[in-house]
Amino acid sequence: MDNSILNLIVFGVISWTTLFLLTRKLFPNRSFDFCNRLVSTIHAILAVTLSLISVQDWNCPLYPLASRSSHKQMRALAVTVGYLIYDFVCCLFDKQVKIDNLIHHLVSVVGLGAGLAYEWCGSEMVAALCVTEISSPFLHMREILKDLGYKDTDFNLAADVLFAVIFSCARMIGGPYLTYVTLSANNPILIKAMALGLQLVSAFWFYKIARMIMYKFSKRIEAKIVHSNR
């Protein structure tokens, strides 16, 4: 791994932490989670943008497979590794530590770190970055809306549904295909293991999201029935 990439990771950890501290200063009355989600939203938008910029051939965005990573791809991955390290530490300081979230961060850091160390399979890695982060702004938006007082409103329900649809399309349609091509190509075994692990985590989250949406709609239907019977 090039020293410039290592420096970018360190700079990223410092930058994301500084941005979080500034956000806490700007919104002193908001929660720890609210400020962290604002930072996470900025990262998600930046990550998707950098991954799209690093695509070498838009006729075949996933190609070349199992090839040496370009500098743009390495840079996009390094920015996200820096963010994931920052966010992993943030998760430990949150009121409620979520084990599945910590596992996701560890799998992602190891997987992206392996890709940077090998300087290999950049096309697959930035595609995975785009697939995993494209739904993140909507994930954070639904939680931010709750913090702003829009919980159990039509606005919040719309954000929930939008997030669920984008997550499902990205993770359960694009994700399995990306996992297949990564496993089929001549990639290092660690990269293949991380790709499979990330897809399994995505499947688990898909199950949780599906249950959440079903609960939200059933709750809304029950409320309408009670209201109509009055």
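**Cavities, pockets and the rest**

Reply: By the grid rule used here, the count comes to 1 cavity of 30 Å³ or more. On a 1 Å grid over the protein atoms alone, a cavity is a set of points where a 1.4 Å probe fits but cannot get out, and a pocket is an open set with protein on both sides within 12 Å along at least five of seven lines; lining residues have an atom within 4 Å of a point. This is a predicted model, where local features need pLDDT of at least 70 and side-chain atom pairs count only at pLDDT 80 or more, while totals for chains, interfaces and linings use all residues. Residues are numbered from 1 along each chain as its sequence is written, and side-chain values use heavy atoms, with hydrogens and water left out.

Me: How much space lies in the largest cavity?

Reply: About 390 Å³. Grid points are joined across faces, edges and corners, and a volume is the space filled by probe spheres set on the points.

Me: Which residues lie nearest its centre?

Reply: Ala128, Leu129, Thr132, Met194 and Leu198, out of 25 lining residues. H5 gives the largest share of that lining, 7 residues. H3, H4, H5, H7 and H8 each supply at least two; helices (H or I, at least four residues) and strands (E, at least two) are DSSP runs, numbered from the N terminus.

Me: How does the cavity lining divide into nonpolar, polar and charged?

Reply: The lining of the largest cavity has 12 nonpolar, 10 polar and 3 charged residues. Ala, Val, Leu, Ile, Met, Phe, Trp, Tyr, Cys and Pro count as nonpolar, Asp, Glu, Lys and Arg as charged, and the others, Gly among them, as polar.

Me: Now the largest pocket. What volume does it have?

Reply: About 1,200 Å³. Its lining takes in 39 residues, and Arg37, Lys98, Asn101, Leu139 and Glu143 lie nearest the centre. The lining of this pocket divides into 13 nonpolar, 12 polar and 14 charged residues.

Me: Which residues touch the most other members in the largest nonpolar core?

Reply: Ile5, Ile9, Trp16, Leu77, Tyr86, Leu112 and Leu116, in a core of 28 residues. H3 provides the largest share, 10 residues. A nonpolar core is a set of buried Ala, Val, Leu, Ile, Met, Phe, Trp, Tyr and Cys residues joined through side-chain atoms within 4.5 Å. Buried means under 20% relative accessible area, exposed over 50%, partly exposed in between (1.4 Å probe, protein chains only).

Me: How many disulfides are there?

Reply: The structure holds 0 disulfides, a disulfide being a pair of cysteine sulfur atoms within 2.5 Å. For Cys35, the nearest cysteine sulfur is that of Cys90, 9.9 Å away.

Me: Is Cys35 buried or exposed?

Reply: Cys35 is buried, at 0% relative accessible area. Cys169 is partly exposed, at 43%, and its sulfur is 13 Å from the closest cysteine sulfur, in Cys130, too far for a bond.

Me: Where is Pro28?

Reply: Pro28 is in the loop between H1 and H2, and is exposed with a relative accessible area of 61%.

Me: What does UniProt list for residues 29-218?

Reply: The unreviewed entry gives "domain: TLC" for that range; UniProt positions are in the numbering used here, feature names are shortened, and annotations may be inferred rather than shown by experiment. In the model, residues 29-218 are 79% helix and 0% strand.
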